[in-house]
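Here are my notes on this one, written as a few numbered points. Have a look at the model first, then read on.

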Amino acid sequence: MEKQYILGLDGGGTKTDAALCMVDGTLVKRVVGGPSSITGRSVDDVRNTLEEVIGKVTMDYGGPDCIDACYAGISGGGLPGNRQLFHEMLKEILPSCPHIANGTDAVNVLSAGIGSGNGIIAIAGTGASIFARVNGEMHQVSGWGYLLGDEGSGYDLGRRALMKALYCMDGRGGSTSLFALCENKAGVPLREYVPALYRMDAKTEIASFAPILLEAAALGDAVAMAEVNAAASDMAHAILTADQMIRGKCAVMGGSIWKNQLYQDLVQHHLGAEFKMIFIDLPPVYGAVVEAAGLLGFSCAHSFKENFRSTLHLMNENN
């Protein structure tokens, strides 16, 4: 019987992770390439990236024609226009693949954590977004970008740090270590830094101040602690709102901000002790592989996950 291969793609603003697997979860090849998020990049650039990554990951197995099912979870790929764009792009790159699906990269993290069933994914990185998956459909709650939301994100935490530092500087707020910490990171007086900030990539720059707020809070700064707690409360509120669609009392957590124990503990406090926070123990591309297997009707049982884990471990050891 001819072997069947499935392809999972996890794409973002910095890299694209591609995993070629057999239908039992065995990882046969993994390739990491350039960014595939459509934000700030041309359609041609994104298409070239996907074509290159797919070509490299399949080159030892007959090329793109070997793939029986593909799922691509890409940052920004859940928006209707982008979803259609990526789907057409993938059909062009994989003309012989009978099963192709795609969407947001949040699906990858969610499926890596709980499989392909109903559930909640709460992402807290530079930005933030929360989705509830109900019968295969993703419903967004919060995370409407840094201009209108991103509560509980790195951007939100960094903005809070800078605002309270400025409040302290101009006398609107109480004394806080945030003023000295932010000014030290800025490398210039805040009075000079703020006008320059408006000429930068403000979202990324402001998010880089998140560790300062978390550090100050951990060291006992009351102003910083109040701000971290407020951000954690906003995140928890969005998660609990999403849970009204699921009633599962659990969510998969993705993104770098969850690595901070103080933030994690504060969100848990606002969620309640009975609410379970799930942290994935495999890369998000595994979730894309789970979705690809589902397109062929395969259930990703415990053995599927362990096959992927063991072959990934072996691959990492040999590289």
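1. Which residues does Thr176 touch, not counting residues up to four places away in sequence? They are Lys164, Cys168, Asp221 and Val223, where a contact means heavy atoms within 4.5 Å. Before going on, note that this is a predicted model, where local features need pLDDT of at least 70, side-chain atom pairs count only at pLDDT 80 or more, and totals for chains, interfaces and linings use all residues. Residues are numbered from 1 along each chain as its sequence is written, and side-chain values use heavy atoms, with hydrogens and water left out.

2. Back to Thr176, which sits in the loop between H4 and helix H5 (178-186). Helices here are DSSP runs (H or I, at least four residues), numbered from the N terminus. Thr176 is buried because its relative accessibility is 9%, and buried means under 20% relative accessible area with a 1.4 Å probe, protein chains only. Its side chain makes a polar contact of 2.8 Å with the side chain of Asp221. A polar contact is a pair of N or O atoms within 3.5 Å; within protein, one must be able to donate a hydrogen and the other to accept it, and residues adjacent in sequence count only if both atoms are side-chain atoms.

3. Thr311 is another buried threonine, at 18%, and it belongs to helix H12 (residues 302-318). Its side chain reaches the backbone nitrogen of Leu27 at 3.0 Å. A polar atom of the Thr311 side chain also lies 3.2 Å from the backbone oxygen of Phe308. Leaving out residues up to four places away in sequence, Thr311 touches Gly25, Thr26 and Leu27.

4. Now for the cores. A nonpolar core is a set of buried Ala, Val, Leu, Ile, Met, Phe, Trp, Tyr and Cys residues joined through side-chain atoms within 4.5 Å. The largest one has 45 residues, and Ile239 is among those that touch the most other members. Helix H9 (residues 222-246) gives the largest share of this core, nine residues. Beyond four places in sequence, Ile239 touches residues including Ile120, Trp258 and Phe275. A second, separate core of 25 residues includes Tyr5 and Leu94.

Conventions: Buried < 20%, exposed > 50% of the residue type's maximum accessible area, 1.4 Å probe, protein only. Helix = DSSP H or I, 4+ residues; strand = E, 2+ residues; numbered from the N terminus.
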